[in-house]
Amino acid sequence: MTAGFALPRARRLVGLLALLLAAAYGIDAWQTLSVGRWHKPGAAIFPIAVAVLLAVSAISVLLERHGGTDDPMPATFSLPAGADLVRLLKVLAAFAIYFLAMPLLGNMIA
């Protein structure tokens, strides 16, 4: 099978959703926040830059080539096992504890 632009449906949907979110986020930032001037940028500069980066990422996902059965990137996903799984769960638990503790204790203490 030759390589082409045919992507799995889920990957196409995620790319289109990310592109839609980037457009909505950029338009909202453009309309609600001040862009400012060259010597004094406004609050909209960072959100617009993030929207542009997200749009570029979404477009790169949509234009990604899928090599079919010869593709080195696996089509399935599996969680790590053994010690790697324990380490992954510890990191996820640390993030969860941090985000739960931050509103109660403050950013520096959490």
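Helices here are DSSP runs of H or I, at least four residues long, numbered from the N terminus. The model is predicted.

**Exercise 1.** Find which helix holds Phe99, and check the span of that helix.

*Solution.* 
Step 1. Phe99 sits in helix 3, residues 83–105.
Step 2. Just past helix 3 comes Gly106, with a positive phi of about 100°.

**Exercise 2.** Describe how helix 1 and helix 2 pack.

*Solution.* 
Step 1. Two packed helices are described by the angle and the distance between their axes.
Step 2. For helix 1 (residues 9–32) and helix 2 (residues 45–62), the angle is about 160° and the axes are 8 Å apart.
Step 3. Angles over 145 degrees count as roughly antiparallel. Helix 1 and helix 2 are therefore roughly antiparallel.
Step 4. The crossing of helix 1 and helix 2 is left-handed.

**Exercise 3.** Locate the salt bridge that Asp84 forms.

*Solution.* 
Step 1. The cut-off is a nitrogen–oxygen distance within 4 Å.
Step 2. Asp84 pairs with Arg87; their closest N and O atoms are 2.5 Å apart.
Step 3. Both residues belong to helix 3, 3 residues apart, about one turn of the helix.
Step 4. The total count is 1 salt bridge.

Technical notes
Residues numbered from 1 in each chain as written. Predicted model: local features only at pLDDT ≥ 70, side-chain atom pairs only at ≥ 80, totals over all residues. Heavy atoms only, no water. Helix = DSSP H or I, 4+ residues; strand = E, 2+ residues; numbered from the N terminus. Expected span 1.5 Å × (residues − 1). Axes fitted to C-alpha atoms, helices over the stretch in contact; angles between N-to-C directions. Parallel < 35°, antiparallel > 145°, perpendicular 65-115°, else oblique. Left-handed = near helix turned anticlockwise from the far one by under 90°. Salt bridge = Lys/Arg side-chain N within 4 Å of Asp/Glu carboxyl O.
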